[in-house]
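Trainee: I have a structure to look at and some questions about it. Can we go through them one at a time?

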Amino acid sequence: MALPPPDPEFVLRGTSAAVHTLHFSCAGQEPDFPILFSGSENGFVHVWNLKTRRVDTALDGHGRKSVYWVETLDAKDRLLSQGRDQRICLWDLAEGRTSVTDSVFTENVGFCRCSLLKVAQGRWLMAMAAKSLEEVQVLELPSKTSVCTLKPEVGAKLGMPMCLKLWQLDSGSQPWLLAGYEDGSVILWNLSMGKALSQLVCHQEPVMSLDFDSEKAKGISGSSEKVLSIWSLNEQQNLQVHKIHKLVNSGISDITIRSDKKILATAGWDHRIRIFGWKKMKPLAVLDYHTATVHCVSFSDHRNPTERLLAAGSKDHRISIWSIYTQT
Amino acid sequence: MAVFDTPQEAFGALRPVCVQLTKAQTWENVAQLQARLGAVSAPALQELQEYVLFPLRFALKVPGPKQERLVQSVVQCISSVLAATCVKKQELLQELFSELCTCLSPPSALNKPALLSEELKLAVIQALHTLMHSAYGDVILSLYQPSTLPLLGFAVSLLLGLAEQEKAKQIKISALKCLQVLILQCDCQEHRHLDEDGAQQCGDLFASFLPGVSITLSRVITGDIKQGHTITVSAIRLFYQIVGLVMSDEQLSRVPKNKEKLSVEQSRISELMIHRGPDWSKSTAEKLTLLMHKIVESSSVHPHWKVKLELVELVHHLMKNCRQSLVDSFSHLLKALVGLVNDENSEVQNRCNEVLQSIAEQRIVAENRALADVLSENLHSLATALPRLMNSQDDQGKFSTLSLLLGYLKLLGPKINIVLNSVAHLHRLSKALMQVLELDVTDVKIVEDRRWGSESSYEPSGCLQKGKCQKKYFRFFTEEKVFQLLQQVCRVLGYYGNLYLLVDHFMGLYTESVMYRKQSAMVLNELIAGAAGVGVDVLHEREDSVNMDDLKGSITSILDEYTDQANWYLITSIDTEEVGTEFSVQHSELPASPGSARSSVLIPSSDPHLSTRTMNGNIWQICIQLEGIGCFAAVLGKDFRLLLLSALYPVLEKAGDKTLLISETAMGTLVDICEACSYDSLQCLINENSDYLVNGISLNLRQLAHQPHASRVLDTMLRHSDVSLLPLVEDVIQDVLSTLDQSYDNQASTFLRVLYSLMAALVQWFGTSCSEEHQQGQTAEWRSRTLSQVQQQQLVTRQEVERFFLDYVRQKQIAEGNLPDTDDEEADGVPPLAKPEPNNSDTEGETPLPSHAQLAKDVMERCIHLLSDRNLRVRLKVLDVLELCVTVLHPHGNHLLPMAHRVWPALVTRLISDDPLAVLRAFKCFPPLNARGPRRHLAPPERALLPSPVRAPTYQPPSREARWNGKAAE
C-alpha cells in the first residue's frame with residue numbers, strides 16, 4: 001500500500017495576500033539561518049527566517065503592486081524583485097539594511113517572470129519581457145547594459161512572452177534563452193546572434209511556465225491545459241516534443257525541476273502540488289493542502305540534503321513548506 | 001598573699017619545715033610544708049625548688065611501706081611546687097618523672113597499677129601533668145631520647161591502663177589528658193612547637209607505642225556509652241593526634257630507607273625502637289584501618305553530638321596529615337564525614353561542611369586518583385545496597401543513606417566522570433535511582449479528578465500561580481526531604497557529570513521500559529537543572545561551566561522524546577467522551593509537535609480494561625514531562641523561545657486536558673515558560689506565538705486522530721487569551737469549521753467543545769455590545785451569568801440608562817398586549833416604518849458583519865445541523881453554543897433573524913419531543929421564549945410554538961412571526 005501523501009512540514013501565514021513567488025536562500029552556513037523570500041500580491045517581499053518560521057522583514061518597494069518574481073544575486077544580501085509596477089528592484093539587505101539600491105524600469109505590462117543567469121563572478125545576465133509586446137530584452141547585471149533584444153520574426157504572432165529560462169551548458173559557455181509564448185510555443189534563442197534557433201508548439205494555450213534541464217537537454221512546460229509537455233533539444237539545436245503527460249485537472253502555474261534533476265514539482269490551479277520523477281515523469285505524490293490556486297513552487301538550496309525543503313505559495317495567502325527529500 | 005618575696009626570707013621560712021619533714025615523713029609535716037609554700041612567691045620558690053623538693057622526694061624514696069595518705073599529700077605538694085616553678089634540669093625531670101610513675105605502680109607489680117586509692121591515682125596523674133608543663137624546651141625534649149624510651153613506655157602503659165580500666169570518670173579523663181601532654185599534643189598554648197627534627201624523633205619514639213595506644217584507645221572509644229561523652233571525645237582526640245603524628249606523610253617521607261645503626265650500648269634500646277619503613281607503615285595502616293572502621297561505626301551513631309564533632313575532627317586531621325599513608329582507611333573516614341553532613345546538629349553539620357569544603361578546596365580528591373577510586377568503590381557498594389536499604393530502613397535511615405550517596409558525589413566532584421565512565425557503576429547508580437524514585441500510583445483520586453473548566457464559563461486568566469512541582473507520592477518514602485536529597489543527587493550528577501553521557505543513558509532507560517519511564521524523566525529533568533547550575537549545592541565549582549549549545553542540544557533531544565506521540569498521548573481516562581478518540585491515537589515514532597502529524601499506523605485499540613494504576617502512572621508521566629518542559633524553559637531562558645515552535649503546542653494541548661492534575665501542571669508549565677522567555681503574561685505568550693499554534697492546529701486538523709488535540713489547543717488558546725487573539729486565529733477557526741463539516745458524525749462532540757469556548761470567548765470579548773440586550777432579559781439565570789460581565793465591562797452611560805427605561809416601558813406594554821403594530825395579517829410583507837429597536841444595530845444590515853459576528857453566524861449555521869444529533873450530550877452542548885451565538889449576534893438583528901428562522905424548526909422539535917433535559921435547555925436558549933417557557937411547554941404544540949410577544953416584535957415585523965408560526969406548525 002502506498003503511503004498516504006504527507007502533510008506540510010509547516011505552513012507560513014501572515015503575508016495577508018496571495019503569494020506569487022518564492023525563493024530560498026539556505027546556502028549560508030551557521031550561524032546564518034535559512035531564508036525564504038516570498039513576493040505577494042500586496043507588493044510586499046517577505047523575508048522568512050526558516051529557523052523561527054517568522055517574517056524577519058517585510059520589504060515594500062513596489063507601490064503595493066503585486067510582486068511576481070524574486071531572486072538573489074549570489075548571497076542573501078542582494079535581492080532582485082520584479083513587480084507589477086513595471087520595476088525590477090535590487091535590494092541591499094546586508095547588515096539589516098532594507099534599501100533599494102538600483103532599479104530597472106521594464107515598461108512591460110505583462111506578468112512574465114524574469115530569468116537570471118550567472119555568467120561569471122559578479123556578472124549576471126537577466127532576461128526580461130521588454131516594452132514592446134513580443135520582445136525579450138537581455139541585460140547584463142550589475143551594469144544594466146543591454147546585451148540584446150530578441151524580436152520574433154515579423155508576422156510570427158507569438159503573442160507576449162509568458163516565461164523565460166536562461167541557461168548555459170556549463171559555466172563559461174554560450175548562454176541560451178528558452179521562452180514560452182502566449183500562443184503556446186517555446187522558442188530557443190541564441191543570445192549572441194539574437195536569432196531564434198528553434199520553435200516548438202507545445203500547447204494550445206499560453207505557456208504558463210517552463211523549466212529546462214541542460215544536462216539531459218530536456219525541458220518541460222505547462223499551460224492552462226490539462227497537459228504537461230516534455231520536449232528535448234537535439235544536437236542540431238532543434239526542439240522536439242518528447243512526451244505529453246496528461247493531468248487530471250487543468251492549469252499549471254509553475255514548474256520547477258530540483259537542482260539534482262531527479263524530481264520536479266508543479267503548482268496546479270487545482271490547489272495541488274504534484275511531484276514527478278524527472279526521468280520518466282513517474283507521478284510520485286500529490287500534495288494537497290492549499291485551499292486555492294497554487295502560484296509557485298520552489299526547492300531550497302540547503303547544503304545538507306536532509307534539510308532541503310519544498311515551498312509552495314498559494315492564492316490562499318499561505319506558504320506551505322514540505323520536506324520531501326526523506327520521502328522520495 | 002606572698003609574704004616571702006626574697007629567696008632569703010623564703011628559705012628562712014621553709015627551712016624548718018623541710019628539716020622537719022626530712023626527719024619524719026608524716027602527713028602532718030607535709031601539710032605544714034604545703035601550708036608554708038602558699039606564702040612563698042613564685043620567683044623565690046624557683047630558687048629553692050630543689051631544696052624544697054628534696055624532702056618530698058626523700059619521703060617517696062624511703063624504703064618500706066608507706067601510708068597512702070602520706071604519698072598522696074607528698075605528690076600533691078610536689079605538684080604544687082612544680083606548678084609554681086620550672087624544671088630546668090634534665091636529670092631532675094627524668095628522676096621526678098620516674099619517681100612519680102613509680103608511685104602508681106611499685107616495681108614489684110610491674111605494669112599493673114597497684115591497688116591504690118583513686119585519690120592517689122588522680123594526684124599522681126595531675127602531678128605528672130604539672131611536671132610536663134613545668135619543663136620547657138630542651139629540658140622536656142631530653143625525655144624523648146631513645147634512652148628514655150623504656151621510661152616513657154612505662155608511663156604510657158600505666159596511663160593507658162588507668163584510662164581503660166578505671167571506673168572513676170575523673171581519673172580516666174586526667175589519664176587521657178596526661179597522655180596527650182606526654183605525646184606533646186597538649187591543648188594549651190604555652191608549648192613550643194617542635195621543629196621538624198624534633199617531631200621526627202618523637203614520631204619514631206611514639207611509633208613503638210602506637211599499637212598499644214591505638215588498640216586501647218579504640219577500646220575506650222567503642223566502650224560503653226555510659227562512660228560519658230567527655231571520655232570518648234578525649235580518647236578520639238588522642239587517637240587522631242598520635243596516629244596523625246606517627247603516620248604523618250611528612251614524617252614517613254623523611255624516614256631513611258634503612259634503620260640507623262646505633263652505638264653498642266644503645267643496642268638494647270634500639271631493639272625497642274621501630275623503623276618506620278614502608279613495610280611497617282603499610283602493615284600499620286592495615287591494622288589502623290580495622291580500628292578506624294570500628295571507631296567510625298560506633299562514633300558516627302553516638303548519641304552525643306560532641307563525639308560526632310570530634311569524629312569530624314578526626315577525619316579532618318587524618319585527611320590533612322595522612323593522606324597517603326592511611327589511604328585505605330579513607331573509605332571509612334569519608335563515609336563518616338559524608339554521613340554526618342546532614343546531621344541534626346547544626347554545629348556538626350557546619351563543621352562537616354567546612355571540612356568537606358576544605359577537602360574539596362585542597363583538591364584532595366580531584367588530584368588523588370587513589371582517593372577517587374576509594375570513593376567510587378564506596379559509591380558502587382552503596383548504590384548496590386541502596387534499593388535494599390530503601391526497602392528496609394525507616395525514613396531517617398533512608399535520609400542518612402541518601403545523604404551518604406549525595407556526599408560521595410559531592411566529594412568526587414569533577415571526578416564523577418570516572419564513575420560514570422564505568423558502565424557497571426553507572427548502571428548500578430541509575431538502577432538504584434530508578435528503584436528509589438518509583439512513584440506510588442495507587443491513588444484513584446488522581447484519575448478521578450476532572451477539570452470541568454469547559455463547562456463553567458470563561459476562566460479568568462492572569463491569576464495563575466507560578467508552576468511549582470506537583471507533590472508526588474513515592475513508594476519507598478514519604479518525607480519531602482528525602483525527595484529533595486534525591487533531587488540534589490541528580491543535580492550534582494548533572495552539574496559535574498558528562499551531560500551527553502548521562503542524558504544518553506537515562507534516555508536509554510526511558511525508552512527501555514515503562515517501569516523506568518517516570519523515574520528517568522524525573523532524573524533527566526533534574527540532570528538538566530543541575531547541568532545549568534540551577535539549585536545545586538556543591539563543594540567546589542566545576543572547571544568549565546556547561547556549554548550552552550550542548551545544553552540546548554540535550555534539551556532538544558529530550559523534548560523530542562517527551563513529546564513523541566507514544567510518550568505524550570497516553571491513556572489517562574476511560575471517559576466515554578474521550579475514550580474513542582484517545583484509543584485511536586496513532587502511535588508512531590513521530591513527535592506530537594505541529595507539522596509532523598504525518599501518516600502513521602493506527603495501533604490496535606489496547607486493552608479496554610485499563611487498570612487505574614496504569615492510568616495514574618500515565619498521568620504522572622505526563623505531569624513529569626510537563627514539569628520537565630517548564631524546567632528546560634527556566635534553564636534556557638530566552639533561548640527557549642526557539643523551542644516554543646515545537647514545545648508550546650503540546651503543552652497547550654495538555655492544558656486543555658480533562659484530568660485535573662495534568663491541566664494544572666500544564667498551566668504551571670505555561671507560567672514557567674512565560675517567565676523564562678520573559679513574556680508579560682500568558683496572553684502575550686499565546687498571542688505572540690499564535691502562528692506556531694495555528695500552524696499546529698491547522699496541520700493536526702488534517703489527521704482524524706489528532707483532531708481532538710487540535711481542538712483542545714484552540715480551546716486553551718481562547719480560554720487564556722484576549723480579544724487581540726481573534727484576528728490571529730480567525731483563519732484556523734475556519735479550518736475547524738470546515739473540518740467539522742466533513743465529520744459531523746464522529747467528531748461533533750470534540751468540536752463542540754471548541755465552538756463553545758469560541759463563543760464563550762466572543763461573548764466575553766464583545767460582551768459590551770452583546771449583553772446589552774440581555775440586561776433586560778427576564779431569565780434569572782441569564783442575569784446571574786451575564787450581569788457580572790456587564791457590570792465589569794459596561795460603563796453605563798446616561799443615555800444607556802435612559803434607553804433602558806424607555807425600552808423597559810415599551811416592553812412592558814407589549815407584554816401586556818398593547819402591541820404598537822397593527823394586526824399580523826395586515827402587515828404581511830411590509831416592513832415597519834418605525835423601527836422598534838431603539839439602538840442602531842439594526843442599520844448594520846447592509847454593512848458587512850464584524851468578524852466576530854460573522855464567526856458566530858458561521859457557528860450558528862453548524863448548530864442547526866447538529867441540533868438533531870442522536871447523542872443527547874451533543875444536543876445539549878449544541879443548545880449551549882446556540883445560546884451563546886444568539887448572544888453574540890444580538891446586536892446584528894438583520895443577520896440573526898434569518899438564522900433564527902432556520903434554527904426554529906429544529907429547536908421546536910427539541911421543545912416538543914426530546915429528553916426533558918434537552919427541553920429544558922432549549923427553553924433557556926432563547927431568552928425571549930424563556931420568559932414563559934415552563935408554562936408553554938405543557939401546552940399543545942401550536943401554542944408552544946407561538947413566539948413570545950415579549951421580545952419577538954422588537955426584532956421583526958409580526959408578519960414574519962406569523963410565517964414562522966405557520967411553518968413550524970406544518
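Mentor: Start with a term: two residues are in contact when heavy atoms of theirs lie within 4.5 Å. Keep in mind that this is a predicted model.

Trainee: Which residues does B:Thr284 touch, not counting residues up to four places away in sequence?

Mentor: B:Thr284 sits in helix α15 of chain B, which covers residues 278-299. Neighbours up to four places away in sequence are left out of the count. What remains is B:Leu210 and B:Met247.

Trainee: Is B:Thr284 buried or exposed?

Mentor: A residue is called buried under 20% relative accessible area and exposed over 50%. B:Thr284 has a relative accessibility of 12%. B:Thr284 therefore counts as buried.

Trainee: How many residues of α12(B) are buried?

Mentor: Helix α12 of chain B runs over residues 229-246 and has 18 residues. From first C-alpha to last it reaches 26 Å, close to the 26 Å expected at 1.5 Å a residue. The helix is mostly covered, and the number of buried residues is 15 of 18.

Trainee: What area is buried between chain B and chain A?

Mentor: The size of an interface is often given as the accessible area lost when the parts come together. Here chain B brings 19 residues to the contact and chain A brings 17 residues. Carbon and sulfur atoms give 38% of the buried area, which is about 1,600 Å².

Trainee: How many salt bridges does the rule find across the interface of chain B and chain A?

Mentor: Over all chains, the structure holds 36 salt bridges. Across the interface of chain B and chain A, the rule finds 5.

Trainee: Which helix supplies the largest share of the side of chain B that touches chain A?

Mentor: Two helices of chain B, α34 (690-700) and α36 (726-742), each supply at least two residues of the side that touches chain A. The largest share is 6 residues, and it comes from α34(B).

Trainee: How do the residues of the side of chain B that touches chain A divide into nonpolar, polar and charged?

Mentor: This side belongs to a contact to which chain B gives 19 residues. Those residues divide into 7 nonpolar, 6 polar and 6 charged.

Trainee: Why does the pair of B:Asp731 and A:Arg318 join two chains?

Mentor: The two side chains meet in a salt bridge at 2.6 Å, N to O. B:Asp731 lies in helix α36 of chain B, and A:Arg318 lies in the loop between β27 (310-314) and β28 (319-322) of chain A, so the pair joins two chains. B:Asp731 is partly exposed at 29% relative accessibility, whereas A:Arg318 is buried at 7%.

Trainee: Which residues are linked in a network of salt bridges with A:Arg318?

Mentor: A:Arg318 also meets B:Asp735 in a salt bridge, at 3.5 Å from N to O. This pair too crosses between chains, with B:Asp735 in helix α36 of chain B. Both A:Arg318 and B:Asp735 are buried. The network links A:Arg318 with A:Arg13, B:Asp731 and B:Asp735.

Trainee: In the salt bridge of A:Arg97 and A:Asp92, what is the relative accessible area of A:Asp92?

Mentor: The side chains of A:Arg97 and A:Asp92 meet at 2.7 Å, N to O. A:Arg97 counts as partly exposed because its relative accessibility is 38%. A:Asp92 is buried, and its relative accessible area is 16%.

Definitions and conventions
Residues numbered from 1 in each chain as written. Chains lettered and ligands numbered in written order. Predicted model: local features only at pLDDT ≥ 70, side-chain atom pairs only at ≥ 80, totals over all residues. Heavy atoms only, no water. Buried area = accessible area lost by both parts, 1.4 Å probe. Salt bridge = Lys/Arg side-chain N within 4 Å of Asp/Glu carboxyl O. Helix = DSSP H or I, 4+ residues; strand = E, 2+ residues; numbered from the N terminus. Nonpolar A, V, L, I, M, F, W, Y, C, P; charged D, E, K, R; others polar. Expected span 1.5 Å × (residues − 1). Buried < 20%, exposed > 50% of the residue type's maximum accessible area, 1.4 Å probe, protein only.
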